[in-house]
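Me: I would like to go through this structure with you. Could you take me through its helices, its packing and its interior?

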Amino acid sequence: MDRLNHINPFAKRDSHSANSVITYKVLTLVTWLLSLITTIYYTYDAPHDGHFVRRKIWEQNYFYFSGFTLNSVITDIYWLVLFILQLVYITHLFSTKVETVNAACSVGSHFIFNNLLHFAFVMLFVRSHFVWAEVILVINFFNLTALYFRHNTYPRFIHLPAVSGPLAWTFVAIYWNGAIMIPYQGNLVARVFANIFIWSILVFGMFFIVIYKDYTMGFNLSVLAASLGVAQFFSKIIAFQWIFAFTIMAVLFVLSFIVAVPALTTRKDRSAADTERAPLLTDP
């Protein structure tokens, strides 16, 4: 069992060897750049290879309009902020503090896998391979869920960019791509199902807010719910989907705010207490 844990890149470890840290640094940075460049490129240009219909990311989004179509501006902002925060996370791999490096490396294998799966998803999505894109999303959902349940106590500078941010997106993207994958996504039956399944976003977010006090997951999902609501509103003003989306956004945001304020206040008070205590500990 010890040998299996030693060779398993996803095994939970309290410390990492120098060679492992170097490997995490290189693979994390390379796969993050791959994910970033691919996303940016196909946001502004369509692929020029293959035999299937090829479109930009947001051309696919609006061409196959469904009950889970997202607003491109809000979602782009979500990903821009997420990529920036992920870059901040990557810098902690190069920290001089051993405990910070170990914490960053602990989520490294799952984060690297997430980057590769996100790259694969984008490549398939813009080439209209929606079924295979859905398979990739489901695999990544299990990858990130396993990461969350094993590493949910790390500092927010690791948790938000490497765990909760990608997990929230992947959960919503499963519905987004899944609705595109199904034929006649704009008919009445499809929209009724969309009206039902949209509430799973609220249930998913409340699970993490209530059980784990994770306000980052709530804020992430509230932004994505807002993206869904705006897109649906500008498509059909008289419809339930955008009303449901904005309701979910509001509930998640309020609950997240209620959880976040005492958590951040407690952390600030603890930091202040540690700062006041430090001179006392160093006095002769």
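Me: What pattern does the protein follow along the sequence?
Reply: Read along the sequence, the pattern is α-α-α-α-α-α-α-α-α-α-α-α. The secondary structure comes to 12 helices and 0 strands; helices (H or I, at least four residues) and strands (E, at least two) are DSSP runs, numbered from the N terminus. This is a predicted model, in which local features need pLDDT of at least 70, side-chain atom pairs count only at pLDDT 80 or more, and totals for chains, interfaces and linings use all residues. Residues are numbered from 1 along each chain as its sequence is written, and side-chain values use heavy atoms, with hydrogens and water left out.

Me: How many residues does the protein have, and what percentage count as buried?
Reply: The protein has 284 residues, of which 48% count as buried. Buried means under 20% relative accessible area, exposed means over 50%, and partly exposed is in between (1.4 Å probe, protein chains only).

Me: Which residues have the most contacts inside the largest nonpolar core?
Reply: They are Trp176 and Ile201, in a core of 71 residues. Helix H8 (residues 156-181) gives the most to this core, with 14 residues. A nonpolar core is a set of buried Ala, Val, Leu, Ile, Met, Phe, Trp, Tyr and Cys residues joined through side-chain atoms within 4.5 Å.

Me: What is Trp176 in contact with?
Reply: Leaving aside neighbours within four places in sequence, Trp176 is in contact with Ile57, Trp58, Asn61, Phe68, Thr69, Leu70, Phe121, Phe125 and Trp169. Contact means heavy atoms within 4.5 Å.

Me: Turning to helix pairs, at what angle do H4 and H11 cross?
Reply: The axes of helix H4 (residues 72-91) and helix H11 (residues 215-235) cross at roughly 160° and come within 8 Å. That makes H4 roughly antiparallel to H11. Axes are lines fitted to C-alpha atoms, for helices over the stretch in contact, and angles run from 0 to 180 degrees between N-to-C directions. Angles under 35 degrees count as roughly parallel, over 145 as roughly antiparallel, 65 to 115 as roughly perpendicular and the rest as oblique.

Me: Which residues make that contact?
Reply: Ile74, Thr75 and Tyr78 of H4 make it with Asn220, Val223, Leu224, Ala226, Ser227 and Val230 of H11. By class, the contact of H4 with H11 has 6 nonpolar, 3 polar and no charged residues. Ala, Val, Leu, Ile, Met, Phe, Trp, Tyr, Cys and Pro count as nonpolar, Asp, Glu, Lys and Arg as charged, and the others, Gly among them, as polar.

Me: And how far apart are the axes of H7 and H10?
Reply: The axes of helix H7 (residues 130-150) and helix H10 (residues 199-212) are 14 Å apart, and the helices pack at an angle of about 15°. H7 and H10 are therefore roughly parallel to each other. Phe141, Tyr148 and Phe149 in H7 meet Phe204, Phe207, Phe208 and Tyr212 in H10. The contact of H7 with H10 divides into 7 nonpolar, no polar and no charged residues.

Me: Why is H5 described as largely enclosed?
Reply: Helix H5 (residues 98-106) is largely enclosed by the rest of the structure because 7 of its 9 residues are buried. What covers the buried residues of H5 includes helix H2 (18-44), H4, helix H6 (108-125) and H8.
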